[in-house]
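Reader: I should like to understand the reasoning behind the labels attached to this model. Please set each value against its criterion.

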Amino acid sequence: MLDFKPSFYEKIFASLDNNTVLMRIEDDGNFFSVWCSREFAEMMECTPEEYIAAGRENSLDRIHHDDRAEVEYLSRNKVTRAGKNNLTIRSRTLKGNRIWINVHYAFVTEDGVCYAYCNCFDVTKIKRDEQRAKNLYEGMRIELENLSGQTLLSLRMNLTRNIIEDCRGSELGDNDLRGMKISERFARRIKYFPLERDQKKFLEEFNTERLLKNFAEGINVTSAVFFSRRPNGRECFINYKVTLRRDPETGDIIAFASEQDHNRQIVSDTVLHKALSDQFDMITYIVGGKYGVVIGDASKVEKGSIFPRKKFGSYNDYLNKQVRPVLTGTPEEQEKFFNALQLDKIENALAIKEPYEVNLHCYIGGKVYHKRFVFYLVDPQAKFYILLKNDVTKIQRAQLAKNEQLKNALEIANQANVAKSAFLSSMSHEIRTPMNAIIGLDSIALKDENVPATTREKLEKIGSSARHLLGLINDILDMSRIESGRVVLKKEEFSFSELLEQINSMFNNQCREKNLRYGCTIRGHVDDFYIGDDIKLKQILLNVIGNAVKFTPAGGEIIFTVEQVARFEDKSTLRFVVKDTGIGIDENYLPKIFEPFSQEYADTSTPYSGTGLGMAITKNLVEMMSGKISVRSKKGVGSEFTINLTLRNSPKSANELRGKKINVRDLKVLIVDDDQIACEHAKLVLEEVGISAEFALSGAEAIEKVVVRRARHDPYNILLIDLRLHNEDGLQVTRQIRDIVGNETAIIILTAYRWDDIVEEAMAAGVDRFMTKPLFSHNVVSEFHEALEQKNINEPPKKLADLNGKIILMAEDMPFNAEIMIMVLSMRGMEVEHAPNGQEAVEMFEASEPNHFAAVLMDIRMPIMDGLTATTTIRELDRPDAKTVPIIAMTANVFDEDVQRSLQAGMNAHLSKPVEPEHLYKTLQELIEE
């Protein structure tokens, strides 16, 4: 019977186009499939044979656990419930996927065996849509119940029944809108819209018929912004939003409406839009090679804005059709700017740094415009960029105008600086001229052994006062150089012990004379040598300790302490402390102590007067050396100055230099090379071993430097000349320099090549030695020693002229100075013929016999004819000695440009007033030919 029945039912079911399955139900309620249609098997993602085979197991396992109880009840009792013969369950296909199935069933018993005949329908999509609708509905219901802080009012309106079902919100108050008809609510709402435009728009967009139509067309959300008056009288912008949902229980169409305060958002959006619009004439996004304009209106920007003709389009088309045609500059420059705007360039640039900026110069409508393109990265993988473009023409023009103003201001400042330098030079001349007389006369008087003791003491005080006055002049010039940036720090090796010895020797004597106790203490270890500017360091310490001596009354004490407080790699930090028991500094004056021309005791009747520049110069020098100076003081108790300076360490010590035949600190070296890097390297190597070095980048510059040095009678000891200069021959430069310096200077050829083939030619040109480039510090001193020693051995000592009986022509407009110089020269047996101005000097020289005058001493500034004109005139005279007689400038004009003018006029040397007698004697001995 079992085999027959399925065959019978199979024939019946096969004639139906249904998803049918036949289940056999056992007495214990378990069931399994014995036959199924092809349509049912496809629904279960298998074949009929596979499903029947799988049905031998308990089919209950494939049913969702929440639905099993109902299925078990039916299979055990084999009855229907409440007259129904269908149910919806969730089952699992043979591939494991979950589906919803609506089952229509009937129980049949044949020969004591129960069967369930099931007609099944796949309702998965329907169930999922129902669940989604339920979730959406529940979401809107929950949103209604949980209002945000900006929600003023929220309604749940049943459009199907035209009634308000729920209402909430911060502005609801005691008004309960539940039960009100929707049309009545809408009619009342427009009364709170002050603007007619909003009333009209609201009635068009938010009425029951329109909302139902929207829902039918699948438009589930509608929103708009209105200007609204609130129940409390406040006016604001609101965002009115309606979301449509179907009630999953009743099927009614529900509208969830909310009113939210939109003031903050609209203000924020407006401000942002306005700010961006003011800053940029276009904001665009670029993605996939396309652009889209977000902010910008072609009708509201100038013609020269290069605004896209379309709001959306191809970025490459925009570049080719609108940007490339207006680019200015050479073809190469135009191509460079165009390539800078390509997408691959933008991508690479933004991968390194953001933002990426391109500035263009464009020619549009007969005018030049300056454009700024700024790119930002939004998403690197999507290659999504933002382009902000603005016109910077006004900014560029303003900047150009400002630059022109700055240029003019700089020119005026330079002119003022030149005028100040000229003034200082003039003042230096006017003050140094009488100073020359004072110091010279004082020196002459002190050499007289018959001067009484009381007179000698007065003369010594005169000399001290003169030197003090000279110090004031130097302070003014130092401050001028600092302000103009003309002070250059040296980096030379110097003996720290010698520097301290000089300072202590000077102040020991001064303190002894003033009845002060002076002590110098070195705490811990300090090196024998450091690398830095010892002259500037000495000037700093002299200023600070000198002030301590000046402001400490007799019986007081000055303690100078030196300590190395830090050492790191190749540098050391030294601390100098100067503590005194002097009169102290008022606390109100302490903040001004380092200001120029600032003096606590400005009254000239006090013994503490001065220029007020000493501490300003000291502070500037300390800061130039990357140091720091500070002061602590108490009135009537004393002061303490602390100076911290960092110097480079020297690899040498005092023991290492013992037995050396040359003092590197006395050497003056000139490096000649057309490669500035090579020059700087060589200079650095020389400075590391304490040798002062300068460099010239051409033969012409080197010759000029050599000439100036010789005019000052301070020649270079060694010249390092590169063998192969640009467009010049190092040996030819050597010959030209030898013609100037003779054999007194050692010349070393620097080369990176072999010099075997040119040794003879080089020696004939005046070369003393060869050195291989680059220089190394370990062999510099020994090479220089050998060069100088060889020079001294090979060259006989220079013959100096005997000054006794020589006749000197002196042009000097100041009678008193002339009288003193006559006395100075006569002390070495020379005779002097005096001319009060340049014109008379020329006339006296022209009237004299040839070679009558051994030399001419020429002041620069004189009436009737100045010294430069007089020199030029003498050199142009048609007589044999006019070209050869030594003419020496003796002047208060001390700047380099003054030396150049002297040499150009035909002078042989340039000596600065006040002239040291011994320096003058030596210069005359070297220049006068026997």
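Reader: Why is D881 called buried?

Author: In this predicted model, D881 has a relative accessible area of 3%. Buried means under 20%, so D881 is buried.

Reader: What makes the contact of R879 and D881 a salt bridge?

Author: The side chains of R879 and D881 meet at 2.7 Å, N to O. The criterion is a nitrogen of Lys or Arg within 4 Å of a carboxyl oxygen of Asp or Glu, so the pair is a salt bridge. R879 also counts as buried, because its relative accessibility is 13% and the limit is under 20%.

Reader: How do you know that D67 and R90 form a salt bridge?

Author: Their side chains come to 3.3 Å, N to O, and the cut-off is within 4 Å. D67 lies in the loop between α3 (48–54) and α4 (68–77), and R90 in strand β3 (residues 86–92), so the pair ties together parts that are 23 residues apart in sequence. D66, D67 and R90 are linked in a network of salt bridges.

Reader: Why is D67 called buried, and why is R90 called partly exposed?

Author: D67 has 11% relative accessibility, and buried means under 20%, so D67 is buried. R90 has 21%; partly exposed lies between the buried limit of under 20% and the exposed limit of over 50%, so R90 is partly exposed.

Reader: What makes R372 and E357 a salt bridge?

Author: The closest N and O atoms of R372 and E357 are 3.2 Å apart, and the cut-off is within 4 Å. R372 belongs to strand β15 (residues 367–379) and E357 to strand β14 (residues 356–364), so the pair ties together parts that are 15 residues apart in sequence. R372, at 22%, and E357, at 38%, are each partly exposed, because that class lies between the limits of under 20% and over 50%. By this rule the count of salt bridges comes to 27.

Reader: Why is the pair of F186 and F202 called edge-to-face?

Author: The ring centres of F186 and F202 are 5.7 Å apart and their planes stand at 90°. Rings pair if their centres lie within 6.5 Å, and planes over 60 degrees apart count as edge-to-face, so the pair is edge-to-face. F186 is in helix α6 (residues 182–189) and F202 in helix α7 (residues 196–205), 16 residues apart. Both F186 and F202 are buried.

Reader: What makes F206 and F226 an edge-to-face pair?

Author: The values are 6.2 Å centre to centre and 70° between the planes; the limits are within 6.5 Å and over 60 degrees. F206 lies in the loop between α7 and α8 (208–216) and F226 in strand β8 (residues 221–229), so the pair ties together parts that are 20 residues apart in sequence. Ring pairs link F186, F193, F202, F206, F226 and Y240 into a cluster.

Reader: Where should the coordinates not be read in detail?

Author: Where pLDDT is low, the predicted coordinates should not be read in detail. The protein chain averages a pLDDT of 80, and 80% of the residues score at least 70. Over residues 1–6 the pLDDT is below 50, and over residues 603–609 pLDDT stays under 50.

Technical notes: Residues are numbered from 1 along each chain as its sequence is written. Side-chain values use heavy atoms; hydrogens and water are left out. pLDDT is the predictor's confidence in each residue, from 0 to 100. Contact means heavy atoms within 4.5 Å. Helices (H or I, at least four residues) and strands (E, at least two) are DSSP runs, numbered from the N terminus. Buried means under 20% relative accessible area, exposed over 50%, partly exposed in between (1.4 Å probe, protein chains only). Rings of Phe, Tyr and Trp (its six-membered ring) pair if their centres lie within 6.5 Å; planes under 30 degrees apart count as stacked, over 60 as edge-to-face and the rest as tilted.
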